[in-house]
Amino acid sequence: SDESLFKFTELSDGTYSVGAKNVWSLSGHIVLPYKYNGKLVTEITKGGFASHVDNSPVTANTTTLRWWM
């Protein structure tokens with residue numbers, strides 16, 4: 001996936017959360033990155049995709065992702 005579409009926030013455990021930089025620029029099936037800067041992406045930022053308007057699927061490449069809505 002294109003990392004330029006996402007905003008990453010480093011968490012206290014050294015991993016990252018991910019959200020959309022601009023939800024209006026997202027369309028189609030979105031695949032979230034498994035790693036960022038060599039560290040795991042383990043969380044979706046609260047409200048990170050809340051305004052994703054076309055209801056396309058969002059797929060995470062990890063089994064340990066925390067999703068905050």
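Which pattern does the protein chain follow when read along the sequence? The pattern is β-β-β-β-β-β-β. The model is a predicted one.

## Overall make-up

The secondary structure of the protein chain consists of seven strands and zero helices. Of the 69 residues in the protein chain, 32% are buried. The accessible surface of the protein chain is about 4,300 Å², and carbon and sulfur atoms account for 52% of that surface.

Contacts in the protein chain can also be sorted by separation in sequence. Taking those between residues at least 6 apart, 59% join residues at least 24 apart.

## Nonpolar core

In soluble globular proteins, nonpolar side chains tend to be buried together. Here the largest nonpolar core holds 12 residues. Its members are Phe6, Phe8, Tyr16, Val18, Ala20, Val23, Leu26, Ile30, Leu32, Val41, Ile44 and Phe49.

Two or more residues of this core come from each of the elements β1 (6-10), β2 (16-20), β3 (30-32) and β5 (39-44). The strand that gives the most is β2, with three residues.

## Salt bridge

The structure has one salt bridge. It is formed by the side chains of Glu10 and Lys39, at 3.1 Å from N to O. Because Glu10 lies in strand β1 and Lys39 in strand β5, the pair ties together parts that are 29 residues apart in sequence.

Are the two partners buried or partly exposed? Glu10 has 44% relative accessibility and therefore counts as partly exposed. Lys39, at 35% relative accessibility, also counts as partly exposed.

How values were computed:
Residues numbered from 1 in each chain as written. Predicted model: local features only at pLDDT ≥ 70, side-chain atom pairs only at ≥ 80, totals over all residues. Heavy atoms only, no water. Core = buried A, V, L, I, M, F, W, Y, C linked by side-chain atoms within 4.5 Å. Buried < 20%, exposed > 50% of the residue type's maximum accessible area, 1.4 Å probe, protein only. Helix = DSSP H or I, 4+ residues; strand = E, 2+ residues; numbered from the N terminus. Contact = heavy atoms within 4.5 Å. Areas by Shrake-Rupley, 256 points an atom, 1.4 Å probe, with all protein chains shown as cover. Salt bridge = Lys/Arg side-chain N within 4 Å of Asp/Glu carboxyl O.
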